[in-house]
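Good morning, and thank you for coming. Please look at the structure on the screen while I take you through a few of its features.

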Amino acid sequence: MQRSRFRTACAVAAIAALTVGIAGCAESKRDNSSTSKDKTLVFGTAGEPKVLDPALATDGETYRPPRQVLETLIGNEQGSAKLVPRLAEKWDVSPDGTVWTFNLRKGVKFHDGTDFNADAVCQNFNRWFNFTGLYQNVAEYWLDTFGGFAKSESPTAPPSNFKSCAAKDSNTAVISLNKPTSRLPGAFTLPAMSIQSPKALAEYANESMSGDAKNLTYPKYALEKMVGTGPFKFVSWDRANKKITMERNDGYWGDKAKIAKLIFRAIPDENARRQALEAGEIQGYDLVAPADVPSLTSKGFDVPARPPFNILYLGMGQDNPKLADVRVRQAIAYAVDREALVKSKLPNGAKVADQFMPDSVEGYASDVKKYPHDVAKAKSLLAEAGATGVELKFYYPTEVTRPYMPNPKDIFEILKAGLEEAGIKVTPVPEKWSPTYLDDVRAGKPDLWIVGWTGDYNEGYNFVGTFFGRQKPEWSFDNVALRDALAKVDIEPSREKRIEMYKDINKQIMEFLPGVPLSSSPPSIAFAKNVKGVKPSPLTDEKFYTAEFTS
């Protein structure tokens, strides 16, 4: 719109008087230097990414920069979980669900000037399939989506479901599976499945990952390069100042970015993020504290909330013999006051969760077993199980804000109060979020812990399958019937049948009660008064190429 007005002004000036016209255009150009397309947007994040290569990570902070620079075959509509074309203009799947054919967008270039085509797609998929060594330890989304690798090195790795990728012609890529899976096509939208420049990957192809599973040294490509086809080009990662800088890709195949540069600056403390916005040091930030929303809004800042697409839950480790007794787990569910938690500690719009998926996910069941707050019933169950006065180690994270968990300590305190009222002795174990807390939870050390999950796409397996589809130390149980049910729903090609199967699975889970679903909440994002255009995403998949300054 601004470019159109500029052209019109020049034409009128040229007809009236050449000299005056030239002066007018020159002034317009000077004015234009302060318009949105020449400006830099600095956005405050709660943390830095672990790496730049999204194939080697699963966390939201790592995914935020690649979502601006790299692209996937299928994308999500801005502001929703609806699937839309991205690098593939269209796609289809064979009737048996094992052959996916992608008709690719033509004329697309990687940021290094090389062509995007079917060969590039297959080189990326074959790279992931042929990961070796420690790469196999960190490629969790590949494991969750396609199973194992060409040569899986872990005896616990599932069989690979990836069969091949073939370039039928330069604009047609065909991906074949051994069996159908409910995880596709949704998983094709994952940042971990972003298509990167084969030329850039080849420059670092001989680099290996060193260290061990808990102390990894990542290859240079994962720390210094990111070459995709997206609306922004990666410029630099300044680790000393916790900043990642990107610049507009003027050769982008789609709508060009409305700003010149985009910087993600990590500011772990939520108060510091708010103060930086109010001081004009940044023009937006993520994970606004619920208590700050009214004051920021009253001052004119834009504070939209994402639609709830997450679950916060209380995990229970069944390595503890007391927690292996379902009556004790039921007592804990009755003891915690989830209504009070939602009303006092979570943002407006948060809901009490009664199963391990939000009610917006297909397969949510309205008739699962419920556990309303009932201290007397909790005490009765504990007495029946011989567990009155049981002592439990309750781990909770510090120095972190998550979309589903705005203040872990506050949440811990209200849960602890309910447990103690029912007669359970709680030993608090606060730990730094990364790596200590996450490592201890994954290793199955806590009796109780709080953590959550933001969905990647609208498929029930992305919630309940991720949690319970395979044995994990953190849950420390092996429910064969549940695993079998999840394996069956995953290969069911009929969406309608899968929805009904997920409903049955949710009932089964809430009878077995491996943990207590606590809430689904709408995390907020904030922008300066003169910034608009970024749509909050339920998947935290915000795109910044539509951001612009209004003054």
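The link of Cys-122 and Cys-165 is left-handed, with -75° about the S-S bond. This is a predicted model, in which local features need pLDDT of at least 70 and side-chain atom pairs count only at pLDDT 80 or more, while totals for chains, interfaces and linings use all residues. Residues are numbered from 1 along each chain as its sequence is written, and side-chain values use heavy atoms, with hydrogens and water left out.

A disulfide is a covalent bond between the sulfur atoms of two cysteines. Here the term is applied to a pair of cysteine sulfur atoms within 2.5 Å, and by this rule the count comes to one disulfide. Its S to S distance is 2.2 Å. The pair links distant parts of the chain, 43 residues apart: Cys-122 belongs to helix H5 (residues 118-129), and Cys-165 to strand S6 (residues 162-169). Helices (H or I, at least four residues) and strands (E, at least two) are DSSP runs, numbered from the N terminus. Are these two cysteines, Cys-122 and Cys-165, buried or exposed? Both are buried, that is, under 20% relative accessible area with a 1.4 Å probe, protein chains only.

I turn next to a sheet. Strands of a sheet pair through backbone hydrogen bonds, either parallel or antiparallel; two strands count as paired if DSSP finds at least two bridges between them. The open sheet here has six strands in the order S10-S11-S12-S1-S13-S20, with mixed pairing. Its edge strands, S10 (232-238) and S20 (525-527), each pair on one side only.

How do the neighbours of S12 pair with it? Strand S1 (residues 40-45) and strand S12 (residues 261-266) are parallel over six bridges, and Thr-40 has Lys-261 as its bridge partner in S12. Strand S11 (residues 243-248) pairs with S12 in the antiparallel sense over five bridges. There, Ile-244 has Phe-264 as its bridge partner, and Lys-243 stands opposite Arg-265.

Finally, I come to the lining of the second largest pocket. Its residues divide into twelve nonpolar, eleven polar and nine charged. In this scheme Ala, Val, Leu, Ile, Met, Phe, Trp, Tyr, Cys and Pro count as nonpolar, Asp, Glu, Lys and Arg as charged, and the others, Gly among them, as polar. A pocket is an open set of points on a 1 Å grid over the protein atoms alone, where a 1.4 Å probe fits, with protein on both sides within 12 Å along at least five of seven lines; lining residues have an atom within 4 Å of a point. Helix H18 gives the most to this lining, with six residues.

Methods:
Buried means under 20% relative accessible area, exposed over 50%, partly exposed in between (1.4 Å probe, protein chains only).
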